[in-house]
4 protein chains.
Amino acid sequence: MIMIEMPNKAHAQALYEQIKNQTQTVPVFYNGATKVGLADEAGLVGVDLPVEAVVRHDVPGALQVSRIWQAEDTIIKTEHSQIGGSHFTLVAGPDSIESQQHVMKMAQAVKDAGGTILRGGSFKPRTNPYSFQGYGAAGLKAHRQAADAYELDMMTEIMDARDFDLIDQYTDIFQVGARNMQNFSLLKCLGEQKKPVGLKRGMSASIDDLLNAAEYIVAAGNPNVFLIERGIRTFDNQYTRNTLDVGAVPVLQKYSHLPVLVDPSHAAGVSEFVAPLARAGVAAGAQGLMIEIHDNPKAALVDGAQALTPAELEKLMQQVQAISAILEENES
Amino acid sequence: MIMIEMPNKAHAQALYEQIKNQTQTVPVFYNGATKVGLADEAGLVGVDLPVEAVVRHDVPGALQVSRIWQAEDTIIKTEHSQIGGSHFTLVAGPDSIESQQHVMKMAQAVKDAGGTILRGGSFKPRTNPYSFQGYGAAGLKAHRQAADAYELDMMTEIMDARDFDLIDQYTDIFQVGARNMQNFSLLKCLGEQKKPVGLKRGMSASIDDLLNAAEYIVAAGNPNVFLIERGIRTFDNQYTRNTLDVGAVPVLQKYSHLPVLVDPSHAAGVSEFVAPLARAGVAAGAQGLMIEIHDNPKAALVDGAQALTPAELEKLMQQVQAISAILEENES
Amino acid sequence: MIMIEMPNKAHAQALYEQIKNQTQTVPVFYNGATKVGLADEAGLVGVDLPVEAVVRHDVPGALQVSRIWQAEDTIIKTEHSQIGGSHFTLVAGPDSIESQQHVMKMAQAVKDAGGTILRGGSFKPRTNPYSFQGYGAAGLKAHRQAADAYELDMMTEIMDARDFDLIDQYTDIFQVGARNMQNFSLLKCLGEQKKPVGLKRGMSASIDDLLNAAEYIVAAGNPNVFLIERGIRTFDNQYTRNTLDVGAVPVLQKYSHLPVLVDPSHAAGVSEFVAPLARAGVAAGAQGLMIEIHDNPKAALVDGAQALTPAELEKLMQQVQAISAILEENES
Amino acid sequence: MIMIEMPNKAHAQALYEQIKNQTQTVPVFYNGATKVGLADEAGLVGVDLPVEAVVRHDVPGALQVSRIWQAEDTIIKTEHSQIGGSHFTLVAGPDSIESQQHVMKMAQAVKDAGGTILRGGSFKPRTNPYSFQGYGAAGLKAHRQAADAYELDMMTEIMDARDFDLIDQYTDIFQVGARNMQNFSLLKCLGEQKKPVGLKRGMSASIDDLLNAAEYIVAAGNPNVFLIERGIRTFDNQYTRNTLDVGAVPVLQKYSHLPVLVDPSHAAGVSEFVAPLARAGVAAGAQGLMIEIHDNPKAALVDGAQALTPAELEKLMQQVQAISAILEENES
């Protein structure tokens, strides 16, 4: 990957046009200011580069999501939320959409706790084929109504590009799950539209793998991507389901301009450890949380063990906002 | 998951019909002999079980791929190959289909080394979006011609259920890559047809995860699945790309009746370590190997560093066959 | 491991004496209240147990460090510090003792930041045999003087039981490093005296491994142990040296009464990520931090890249104290 | 680390003497031929280097164990064994020495299977402090007698430098366990004598960590070190205790001249998987095996689950020798 920094915008734009016209096969990008990126040396063959005026960088593959390409934080705006920058975003909701009535109740809890995005699965990726796989279209519909009723954004998982048209009718934000982080067809499909995408880190995905996955979406045309750290798979999974890689938060924020959220629910796998992990994520600088809730965890259709009750969520949010305030103070 | 073993076939079949007629929602299976499996206790409500004549097991989720369900090895038969049981199968070919001429040459090398399946990618899962992604339909066509010319089965990767119709026109065997091992939509799609599926273990997939992924395909109706151990992600990746989990071979063979192959190429990531890993896999009992070759590794479009030359493959196959013979001897 | 809970203290004590008198080989323990623990069933042979009055538990091996054995938090008191319970402890200092003058300066920085324990290595465990291994006795002496000058406790690493007499002349608190966490001879040696021991988690030690290592010290007679989470080894070490397992903090606190500190310096390996990890650890409930500092990190003899400057430490401590206050508030 | 290659032996020796005389602090080494190594640039200050005649390499820290320093294989000779090069060595015996009579029986089994080294623990590193820790001196004595009776070398674990004098009275070969691989004091202690040391790889030790640990022993003066791969800790430990890193065998052999053995017993943790892992290790090129045996595994004091019976060992050795022969054939 090569990035060329031109002395001014006009030069950059001209260079971009020149490369683009000349090559059919090498992807080339323009950042809207002074930078032009291209995937391969080959794109420069025959291009007239005013050498003295140029700074050339050899950069890692995930260029467009990097700070090198864009120094300032990406801030994603939806009807009810601002994700990234100094904003703090709470995404919460049930693991799966269970019923019209239930998701409505959960939506109220999210609203009460200060959340702006209602999450919930209608297409569930389950390890075992005989496990409950979600209510599909009926779930989406109920989810949408609850989001509307409480003026929240709707966020739900897509597992298959073939489901895009159906889910797109309902959702505001697409979620890509850990198991699909390198489902490149799905990433491209979500890159060809503009709704925000919450991209969860794969269980054994490196930082670079995650950034490259995000780059797939951005390279296909959709800059509205936020990253979600949800725990990685390590030797240590006796007491928690995964190991929350809290260090990934500042690392991702250093190298990328995309917003970084933490999902403490899947990292913990047990509700009593969700709050400490959530606080840790925010204290490390996460720009938001994604948390599973249930009013009666024992009766939840999926992953009840890790769900917070609405009351627990509210208490947690008070702590989290206080921690967030401390960090902001020190920034200024 | 519950498995019920009936005293004879007639009883088992009757029980299966009874449960099936009674429940709309609980998946229920019959193994063709004396065993009936069902996903949930709920399927037994109202069913008349002759208690004294019944053995009931609570089994892990991946029932149909387990030895509990089927004691004898699955043997998959294709036009040119038998995979599983005491058969040894060599799958080889270039990482990606590069040209008509090149894949033809590689096909000859596979044939010469005793291989029966020609592998090659026309849809390539690449970490970085700007990397070469395969030649698509043109690649498939060239791949098919080469397989036919040398009387080999064709095996190629599918990354997206939307590509099924296209790839299905050409291939004999579908490959599911490590990154898609839990792309459940894709697994279901491949379960709804009968061509064999080579399922690669995900980078951080446990044994149970892999068996559950295979169960997705079998539960959807396709029993022709073989498993491929290709190295897992550990802290130790400085000198090899992944850590070949050679112990997974006997473990999988103990708990499942599906054939188990080893892919030493992706485990090693460096050609000089491919042969030792291949030998290790066979010595551990693998029923086949899947190996990447290239006549000019430095010029390969993808992953040249890990490709064996045709001559290296041939030498390796001699060792491997000798090791295989030693194991067989001791079995008898 | 068996634990027997007696109806009252007198009965428990009597049972303890009875078992102790009867067995020469089975370790048996009394918690000073109503509980008696013994390592093996064999210890109960011939013992007269008033069955109706007894609650018997089969517990994991690490009994004495568990909450089952002791419900309330262990609080370790030294001349200048209280470690555990609701106390917050800052341990800081240079990675290695470099000179009299330098450690004096670092001691002042620790004091200024609110620390009560001055850490520093005079015997350094180095991966490579030719790396600087510490100044030994001379380092200990300088370390002691600096601790005294600023009224701090001294804490230093011991790597070999043969060094015990020497180090014991100087230090207030012994540190056991990650690489020696299962050096059982060393653990026993430190269990046979009463000075506090800071026990770092091994790089691939599970929670149970760590608790068992602590149990070695306690079983040998020294209850003054505190645990230090310092990052584990995972596949993800490109941008940070280790993965801070922040979830281990609440897990350890749930299952054990021992104090839990976090060492963000070795987890991060890079100074810019130390503060986020430190804040995360405290937000997860850690009862203290252990941090490496240096006034001129680039000139540090060991691990300069991960050292905070005194100014950075002071800023961090302000954030950390504020976070700590938030947690305390919510407890009450 | 710097290595200087001189045009001939006389020059090399002269350079070595010159550097040695000049520096008090920088470790400097001579390989007996044309190579001089030194730990630090500082050792060259004031040294008169005939520039034109010199090849200078910047090499990793573990110089003396590397192929760069010594191209040909190290072969360790003991009374009954040759370890390394094209020799194949079988080390076998009980996990712990249980009784005079028992170790005698095991020695016979080792002899019968073609083994030359009798292993067995009298000082056992146990995760839990209350587990059986070995019979100490009495065990050593019985072990020695059995080794003598069957003309085998004796190999036993040392956990603490303070035990050196005692163990040294009995054993021919010292074993350093995985948990002590970075017990640097112990490594130095074993480097200051000449008996061979079998160094087991730590559970989360990288290849470089292992080579550096070996370098500690060699740098202290003892070149008789052999390496033992015994499985690493990964996320995958449900069916086997550890993950045998079979790829480490050829990697270590490429970069180091030290012999490499495989311990399939601790990797498997379950006897039925020991033979496949042993065969895999040998097929990957291991120069020997270290295997635990017991005539009545269920009654073993330690780790019976992973012990082979004498009959199983004998059958395995036949397979292993046949595999070994295949590899040798192809070498010639």
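Two strands count as paired here if DSSP finds at least two bridges between them. Keep in mind that everything in these views comes from a predicted model.

**View 1. Strand β3 of chain D pairs with β1(D) and with β2(D)**. Start with β1(D), residues 2–5, which runs antiparallel to β3(D) and is joined to it by four bridges.

**View 2. Which way do the residues of β3(D) point?** In a regular strand, side chains alternate between the two faces of the sheet. Strand β3(D) covers residues 35–38, with D:Lys35 and D:Gly37 pointing one way and D:Val36 and D:Leu38 the other. Are these four buried or exposed? All of them are buried, D:Lys35 included.

**View 3. The hairpin of β2(D) and β3(D) has a glycine with a positive phi**. Four residues sit between the two strands. Zoom in on D:Gly32, and you'll find its phi near 85°.

**View 4. Chain A meets chain B**. Each side puts residues into the contact: 36 from chain A and 36 from chain B. Interface size is often quoted as the accessible area lost when the parts come together. For this pair, about 2,900 Å² is buried, 51% of it on carbon and sulfur atoms.

**View 5. Salt bridges and polar contacts link chains A and B**. How many salt bridges cross this interface? There are two, and one of them is between A:Asp209 and B:Arg233, with the closest N and O atoms 2.7 Å apart. The count of residue pairs in polar contact between these chains is 21. On the side of chain A that touches chain B, α5 (184–191) and α6 (207–219) each supply at least two residues. Helix α6(A) gives the most, with five. Sorted by type, that side of chain A has 16 nonpolar, twelve polar and eight charged residues.

**View 6. C:Arg201 is a buried arginine in a loop**. Look between β11 (197–200) and α6 (207–219) of chain C to find this residue. Why call C:Arg201 buried? Its relative accessible area is 1%, and buried means under 20%. The C:Arg201 side chain makes a polar contact with the side chain of C:Glu229 at 2.7 Å. A polar atom of the C:Arg201 side chain also lies 2.9 Å from the backbone oxygen of C:Ala205.

Notes
Residues numbered from 1 in each chain as written. Chains lettered and ligands numbered in written order. Predicted model: local features only at pLDDT ≥ 70, side-chain atom pairs only at ≥ 80, totals over all residues. Heavy atoms only, no water. Buried < 20%, exposed > 50% of the residue type's maximum accessible area, 1.4 Å probe, protein only. Contact = heavy atoms within 4.5 Å. Buried area = accessible area lost by both parts, 1.4 Å probe. Salt bridge = Lys/Arg side-chain N within 4 Å of Asp/Glu carboxyl O. Polar contact = N/O pair within 3.5 Å; in protein donor to acceptor, adjacent residues only side chain to side chain. Nonpolar A, V, L, I, M, F, W, Y, C, P; charged D, E, K, R; others polar.
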